[in-house]
Amino acid sequence: MGDRTVLSVSCNNEAVNGAPNLAARPRFDPADGAVDVTGLTKTFGALKAVDDLTFTVTPGRVTGFLGPNGAGKTTTLRLLLGLATPDAGSVTIGGIPYGQRPRPARHVGAALEAASFHPGRSARDHLRVYAPEVGVPESRCDEVLAMVGLADAADRRVGGFSMGMRQRLALATTLLGDPQVMLLDEPANGLDPEGIAWLRQFLRYLAGEGRTVLVSSHVLSEVEQTVDDVVIIAKGRLVHASSLQQLEAMARPAVKIVSPDTDGLTRLVREAGWEPSTRFDAAGVAVVYDRHPREVGAAAFRHGLELYELSPAGTSLESLFFSLTTSPRQPEAVR
């Protein structure tokens with residue numbers, strides 16, 4: 001599990017223009033990419049920022065590292081990178097602590113919090129500062145600028161960049177060493193809708209190459225169209241870890257129906273085959289589970305059923321996320 005020497009990122013012309021082809025071919029050894037966090041604990045005075053945290057990030061997948069502001073996400077990423085020392089527990093990347101790698105930036109690329117840039121430097125010159133430290137030639141700077149869609153802005157001063165362009169430059173910096181593992185803290189901050197759509201596609205491409213991609217966010221909706229897996233923490237503790245699909249299965253949809261026609265409502269539920277998943281709360285009031293308002297409304301229209309109310313009554317993904325993070329319980333590790 002040594003450090004790699006390959007520098008070029010295999011991508012077609014679309015990828016070079018900042019619009020990666022999603023059909024990437026795996027080119028990394030999965031054994032070098034797993035991130036394992038075990039019993040991680042970090043205290044700052046009376047504050048326990050990270051509390052006995054344990055989870056695994058799988059190569060070839062995009063993992064959302066989620067939690068409200070102050071949950072301990074950034075502290076955990078700093079512990080992963082050896083920027084802080086844990087009070088207890090361990091962290092390995094590819095079976096090796098970050099600090100024990102001779103050229104860690106060639107294996108792990110990280111962008112934490114808001115990146116700082118010299119406003120008078122061009123985007124290319126910013127990368128030229130870091131290229132020798134990472135151990136890559138200057139030609140790599142233009143490669144990564146093209147990958148993130150900043151080729152045309154390479155000679156522009158960073159001081160004139162928008163927040164979204166700065167985010168792209170921070171991502172280019174993490175890619176200098178062609179790392180197998182990507183640790184990105186709130187990478188969608190400052191991106192417009194087009195930039196967010198680009199970022200989603202780009203992260204999917206990176207994971208398709210077999211890279212390990214960990215993306216932190218305090219907003220589930222920001223990453224739910226991107227991630228394969230989720231690790232959710234609150235108050236420094238793990239509250240849930242699973243695939244996104246398994247989390248979605250926990251958010252059960254339901255529709256509340258209120259009608260003055262009690263018999264008609266009962267008949268609708270029976271004839272639609274919804275009886276096994278329907279709860280009647282009162283005369284003319286029913287909650288139908290595993291259905292959506294559009295479907296129920298269409299069925300009511302076909303049956304000529306008069307409605308006083310038709311509203312969502314289930315648990316949405318966002319409300320489930322809110323429940324998990326505001327009332328932390330024992331960890332739910334599904335996968």
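**Helix packing and sheets**

Modeller: Helix α3 (residues 123-134) packs with helix α4 (residues 139-147) at an angle of about 125°, and their axes are 9 Å apart. α3 is therefore oblique to α4. Angles under 35 degrees count as roughly parallel, over 145 as roughly antiparallel, 65 to 115 as roughly perpendicular and the rest as oblique. This is a predicted model, in which local features need pLDDT of at least 70 and side-chain atom pairs count only at pLDDT 80 or more, while totals for chains, interfaces and linings use all residues. Residues are numbered from 1 along each chain as its sequence is written, and side-chain values use heavy atoms, with hydrogens and water left out.

Colleague: How are two packed helices described?

Modeller: Two packed helices are described by the angle between their axes and the distance between the axes. Axes are lines fitted to C-alpha atoms, for helices over the stretch in contact, and angles run from 0 to 180 degrees between N-to-C directions. Helices (H or I, at least four residues) and strands (E, at least two) are DSSP runs, numbered from the N terminus.

Colleague: Which residues of α3 and α4 meet?

Modeller: On the α3 side they are Ala123, Arg124, Leu127, Arg128 and Ala131, and on the α4 side Cys141, Asp142, Val144 and Leu145; contact means heavy atoms within 4.5 Å. The residues of this contact divide into 6 nonpolar, no polar and 3 charged. Here Ala, Val, Leu, Ile, Met, Phe, Trp, Tyr, Cys and Pro count as nonpolar, Asp, Glu, Lys and Arg as charged, and the others, Gly among them, as polar.

Colleague: What is the strand order in the sheet of 6 strands?

Modeller: Strands of a sheet pair through backbone hydrogen bonds, either parallel or antiparallel. Two strands pair if DSSP finds at least two bridges between them. In this open sheet the order is β5-β6-β7-β3-β8-β9, with mixed pairing. β5 (108-111) and β9 (237-243) each have a single partner strand, so one side of each edge strand is left without a neighbour in the sheet. Neighbouring strands are turned by 15° against each other on average, direction ignored. Within the sheet, β6 (residues 181-185) and β7 (residues 212-217) pair in the parallel sense over 5 bridges, and Leu183 has Leu214 in β7 as its bridge partner. Helix α11 (residues 317-326) lies across β3 (62-66), β8 (229-234) and β9, at about 40° to β8.

Colleague: How many strands form the sheet that contains β1?

Modeller: That open sheet has 3 strands in the order β2-β1-β4, paired antiparallel. Its edges are β2 (47-57) and β4 (88-93); each has a single partner strand, so one side of each lacks a neighbour in the sheet. The twist averages 20° from one strand to the next. β1 (residues 35-44) is joined to β4 by 5 bridges, and Val37 has Val91 in β4 as its bridge partner. Helix α2 (residues 73-80) lies across β1, β2 and β4 and runs at about 115° to β1.

Colleague: Is Thr75 buried or exposed?

Modeller: Buried means under 20% relative accessible area, exposed over 50%, partly exposed in between (1.4 Å probe, protein chains only). Thr75, in helix α2, counts as buried because its relative accessibility is 18%. Not counting residues up to four places away in sequence, Thr75 touches Lys42, Phe44, Ala49 and Val50.
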